[in-house]
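Here is a short report for a reader new to this structure. Please look over the sequence and the 3D view before reading on.

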Amino acid sequence: MIVKPKIRDFICTTAHPEGCRQNVLYQIEYTRKIGKADGYKNVLVVGSSTGYGLASRIAMTFGYGAATLGVMFEKPPTDRRTATAGWYNNRAFEAEAEKAGVFAKTINGDAFSKEVKEEAIEIIKNNMGKIDLVVYSLAAPRRTVDEDHVYSSVLKTIGAEFKSKNLNLRTNEINEAVIPTGNNDEIVATVKVMGGEDWQDWIEELKQADLLADGCKSVAYSYIGPELTYPVYFNGTIGMAKRHLAETAEKLTEMGVDSYISVNKALVTQASAAIPVVPLYTAILYKVMKEKGLHEDCIMQMNRLFRERMTVENVVTDDEGKIRVDDWEMRDDVQQEVMKRWDAISNETVQELADVEGFWHDFHNMFGFNIDGVDYDADVDIL
């Protein structure tokens, strides 16, 4: 099949097998260039197929030589349809881990379910030592607790609707986004899906099975961003879920597993592309950070996180106990320039003031497209 991108709003419904493989190889090569280091040895990554979760796993395997178990929920290919990008990413990752002689196994299933947790416990018991790091990087739109309780997350504000500038992903033009308010049921549902309840379930299951090493650490990922995005993110329904995630980190630490929230920088991910206002902010941020030589992608962020901010021996946090690898994004000089451009941006100046091309480059890269060295006019085996 000749595979081309088919984009609908913020989703690409196709993925390129070779492009995804090359994307994984780039992240592996970047990690290897930094050099091997002593660190975590047995790592569980819940949400391991794309974005920060995939980058975390690559950093662990090819930076530390760590054995990893990943959990993902991705669609395999059919005769007529490509797999999702995460499925191809994982296949490429496991092939390279095998070449390197490092244990890597993945469960493709619902991470919220008890069955997947039980399967993970059996794999860890039979193939790995006790886990010394649990990475929780799950980004799911819904969660099934049982037949009668299915929760869906929403991207809404709390208190009052929010209007702001936005990048129309269909036209690359500036328009106005209107984000409605969420009701209490929607807030509760979003917290159920994106909060820390399932993270705690994973830790409790592993602890009960006596599979957590002494000194085991755990980390979940979050975002804060500037006040500009607070109504839709930090103070919105997602923000309520992220607050619950932070409260869960405190609970897990009290249970004896030192647990942290890592606040990462704004990047183009499948989740962030869906949030109104955020794509325009991200495109402006990209332009500013690239001009200042500060831009990082997922694998750069995760290597900096685990090599500089969350080593086995030492964890560097802010006054609230959070790890901040968004520090370069939130620098005063960066934010002042971003806000200056935000105020001035229009359809006439968007290409000058924002990195729209860079935004779309990273968006396509997530699905294996626009990657150097890949022939997108050639037939490719999608199976």
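The sections below cover the cores, a helix residue, a strand pair, a pocket and a contact along the chain.

## Nonpolar cores

This is a predicted model. Its largest nonpolar core holds 84 residues. Within that core, Phe-306 and Met-310 touch the most other members. Helix H8, residues 278-291, gives the most to this core, with 9 residues. A second, separate core has 36 residues. Leu-69, Trp-199, Trp-202 and Cys-216 are among them. In soluble globular proteins, nonpolar side chains tend to be buried together.

What does Met-310 touch, leaving out residues up to four places away in sequence? The contacts of Met-310 include Tyr-40, Leu-133 and Tyr-260. Lys-217, Ser-218 and Val-219 are also touched by Met-310. Leu-305, Val-315 and Ile-323 complete the list for Met-310.

Thr-282 lies in helix H8. Is Thr-282 buried or exposed? Thr-282 has 1% relative accessibility. The cut-off for buried is under 20%, so Thr-282 counts as buried.

Residues up to four places away in sequence are again left out of the contacts of Thr-282. Thr-282 then touches Ala-266, Leu-267, Val-268 and Phe-359.

Strand E12 spans residues 258-263. Of its 6 residues, 5 are buried, so strand E12 is largely enclosed by the rest of the structure.

Strand E11, residues 212-222, runs parallel to E12. The two strands are joined by 6 bridges. Ser-222 stands opposite Val-263 in E12. In a regular strand the side chains alternate between the two faces of the sheet.

## The second largest pocket

The second largest pocket has a volume of about 260 Å³. It is lined by 15 residues. Which of them are the closest to its centre? They are Phe-10, Asn-166, Leu-167, Asn-168 and Leu-169.

Two strands, E9 (162-168) and E10 (173-179), are the elements that give two or more residues to the lining of this pocket. By type, the lining divides into 9 nonpolar, 3 polar and 3 charged residues.

Arg-21 is found in helix H1, residues 17-34. Its relative accessible area is 32%, so Arg-21 is partly exposed. That value falls between the cut-offs of 20% for buried and 50% for exposed.

Arg-21 and Phe-93 are 72 residues apart along the chain. Their C-alpha atoms are separated by 7.8 Å.

How values were computed:
Residues are numbered from 1 along each chain as its sequence is written. This is a predicted model: local features need pLDDT of at least 70, side-chain atom pairs count only at pLDDT 80 or more; totals for chains, interfaces and linings use all residues. Side-chain values use heavy atoms; hydrogens and water are left out. A nonpolar core is a set of buried Ala, Val, Leu, Ile, Met, Phe, Trp, Tyr and Cys residues joined through side-chain atoms within 4.5 Å. Buried means under 20% relative accessible area, exposed over 50%, partly exposed in between (1.4 Å probe, protein chains only). Helices (H or I, at least four residues) and strands (E, at least two) are DSSP runs, numbered from the N terminus. Contact means heavy atoms within 4.5 Å. On a 1 Å grid over the protein atoms alone, a cavity is a set of points where a 1.4 Å probe fits but cannot get out, and a pocket is an open set with protein on both sides within 12 Å along at least five of seven lines; lining residues have an atom within 4 Å of a point. Grid points are joined across faces, edges and corners, and a volume is the space filled by probe spheres set on the points. Ala, Val, Leu, Ile, Met, Phe, Trp, Tyr, Cys and Pro count as nonpolar, Asp, Glu, Lys and Arg as charged, and the others, Gly among them, as polar. Two strands pair if DSSP finds at least two bridges between them.
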